[in-house]
Amino acid sequence: MTVQETVLAIQKGEMKAQEVLESHLKTIQDREEEINAFNLVMTEEAIKEAEKIDSLVAEGKNPGPLTGIPVAVKDNICTQGIPTTCSSNILAGWLPPYDATIVERLRDAGAVIVGKTNLDEFAMGASTENSAFGPTRNPLDTTRVPGGSSGGSAAAVAAGFTPLAIGSDTGGSIRQPAALCGVVGVKPTYGRVSRYGLVAFASSLDQIGPFAETVADAALLLEVISGHDPLDTTSIPEPPLDLSSALTQGVEGLRIGVIDELSGGAIEGISDDVLACLEKAVEALTSAGAIVERTSVPSTVYGLSAYYVIAPAEASSNLARYDGVRFGPRVDAKTTSEMMVATRTAGFGDEVKRRIMLGTYALSAGYYDAYYGKSQKVRTLIMNDFAAAYEKFDLLLSPTAPTTAFPLGDKTEDPLQMYLQDICTISSNLAGHPAMSVPFGQGTDGLPVGIQVLAPATDEHTMFRAGAILEASNQGQS
Amino acid sequence: MNERISREDVAHVARLACLSLTDVELDAFTNQLADILEHAADLDALDLETVEPTAHPLPLINVFRDDKLGEAVDREKFLASAPEVENNQFKVPPALGEHS
């Protein structure tokens with residue numbers, strides 16, 4: 001059943017929100033110990049919310065477009081009075097004093113929030129192994145990672161724990177786990193979804209977005225969470241998206257460019273089976289009437305380097321607030337500065353420390369121009385190159401991740417290898433553009449491959465047209 | 001572009017970032033940070049002289065909210081998150097004269 005069908009069934013009284021929740025809680029009970037998708041399952045709260053939805057329906061009211069749908073929320077998004085840990089010891093025991101805007105929007109739409117999902121600490125990682133709560137496993141093969149950093153949300157949808165989940169994407173943290181878990185993941189345009197209540201990692205790159213089993217379900221969830229929010233000054237002053245017509249519009253006449261650098265061109269390390277799936281995706285879009293050609297976005301080659309200066313630089317500043325003074329646990333010491341050092345040293349994991357130091361270095365006297373200043377200029381080049389490409393094309397296409405899901409422990413000793421997982425996704429964050437990953441085909445290991453559709457700023461609508469065609473073609477083949 | 005980051009550089013950066021590292025950690029982080037920064041050296045190939053920097057992807061400038069009364073922050077609620085509180089204020093260990 002699609003989300004929309006379930007919503008209609010509950011609204012018509014053919015099903016109860018409580019039954020829908022129960023069956024998902026049962027699935028969670030069966031497999032959560034093995035998968036570890038959740039930092040917290042909110043069983044009691046969810047049951048209460050489902051009861052409330054059922055009584056609203058019984059009174060003849062319409063609780064909203066997500067009536068009774070269980071949703072999982074990444075644990076770096078604030079939920080009032082409910083632990084929000086960012087999978088870090090430095091937020092152990094902290095209870096947010098307010099709800100994120102998207103949490104309010106989900107509840108206003110009738111959704112039932114089922115739990116908080118695991119992530120790489122502070123969303124820094126590509127495997128969900130850097131977590132104070134232990135790694136999340138890929139439901140399709142539990143010896144493999146689910147990707148990251150929103151690996152818990154991707155795994156929750158892939159395992160059938162919830163039909164929908166919320167993640168955040170700073171350099172690929174929604175799209176790459178979606179690809180590795182065989183689900184749909186969308187990073188909207190920067191500013192499309194309010195960041196109010198999202199714990200900041202790199203503020204000029206962070207964006208919240210949906211996970212779903214299908215493109216239509218992802219569109220529905222994005223519609224609910226999008227739209228202007230006065231509480232976020234970087235929020236785009238536009239009403240919520242309406243994507244319904246995109247799902248059936250097709251791609252006839254659309255011009256789609258395959259990014260040469262990410263499909264066998266300048267950037268190495270994209271595996272052959274992933275490239276084979278990309279070829280099939282090109283065929284599918286072509287036979288649906290799109291005009292698909294290879295094109296160059298030259299500075300994507302430099303995206304990774306620029307990102308791994310800019311994101312840590314912003315993180316080093318954002319994470320300065322965790323000092324044991326206003327929230328979170330404190331390690332006692334004789335003086336304030338000793339207390340701060342002791343608290344931060346005990347509270348942060350290695351990857352977070354690595355990035356804080358990298359960012360601090362890139363911003364420090366003598367190195368600012370060489371690293372941070374230079375990277376900001378590369379960001380301009382990337383935006384210019386995308387602008388040039390979008391003069392010729394409506395959309396761009398690439399693989400989402402260089403490989404299928406890799407074994408746990410494979411890259412934990414070599415941070416740079418882990419960072420290379422983001423090679424295809426990072427440029428969209430630097431440019432602020434939307435991009436989505438749609439499952440398309442499999443690797444030689446039988447694990448899913450994701451194809452990434454990229455669009456210019458604010459054109460989620462055209463992006464979903466191509467996403468829907470890819471999904472239909474992929475289902476036709478399997 | 002620059003010399004490989006040294007152990008002393010990393011120790012200095014750790015101090016700036018309020019982190020304390022063991023000797024073993026310092027060695028490991030030095031190698032890892034050096035590898036990452038070496039990768040970033042590919043930016044040296046670019047001529048960026050005339051390129052303007054981008055700090056932010058959106059053309060939003062001077063965003064103000066309407067000057068209307070809203071809900072005030074609940075002081076109690078925020079203080080409740082703190083490790084130590086006294087007289088409605090965050091309490092910390094001695095901060096002055098700590099080096100004497």
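Predicted model: local features only at pLDDT ≥ 70, side-chain atom pairs only at ≥ 80, totals over all residues.
Helix α1 of chain A spans residues 3-11, and its buried residues are Val3(A), Thr6(A), Val7(A), Ala9(A) and Ile10(A). Because these residues cover an arc of only 165 degrees around the axis, they fall on the same side of α1(A). The elements of chain A against which they pack are α2 (17-35), α3 (43-58), β4 (164-169) and α7 (215-225).

## The sheet

Chain A contains an open sheet of 11 strands with mixed pairing, in the order β1-β3-β2-β4-β6-β5-β10-β11-β9-β7-β8. At its edges stand β1 (38-41) and β8 (291-295) of chain A, and since each has a single partner strand, one side of each is left without a neighbour in the sheet. From one strand to the next, the twist averages 30 degrees.

Strands β7 (residues 255-259) and β9 (residues 395-399) of chain A run parallel and are joined by 3 bridges, and Gly257(A) has Leu396(A) as its bridge partner in β9(A). Helix α4 (residues 101-108) of chain A lies across β2 (70-74), β3 (112-117), β4 and β6 (207-212) of chain A, at about 150 degrees to β3(A).

## Val183 in its loop

Val183(A) sits in the loop between α6 (175-181) and β5 (184-187) of chain A, and it counts as buried because its relative accessibility is 2%, where the cut-off is under 20%. Although Val183(A) and Ala212(A) are 29 residues apart in sequence, their C-alpha atoms are 6.2 Å apart in space. Residues that Val183(A) touches include Ala154(A), Val157(A), Phe211(A), Ser437(A) and Pro439(A).

Terms used
Residues numbered from 1 in each chain as written. Chains lettered and ligands numbered in written order. Heavy atoms only, no water. Buried < 20%, exposed > 50% of the residue type's maximum accessible area, 1.4 Å probe, protein only. Helix = DSSP H or I, 4+ residues; strand = E, 2+ residues; numbered from the N terminus. Arc of directions from axis to C-beta. Contact = heavy atoms within 4.5 Å. Pairing = 2+ DSSP bridges. Axes fitted to C-alpha atoms, helices over the stretch in contact; angles between N-to-C directions. Lists of a residue's contacts leave out its neighbours within four places in sequence.
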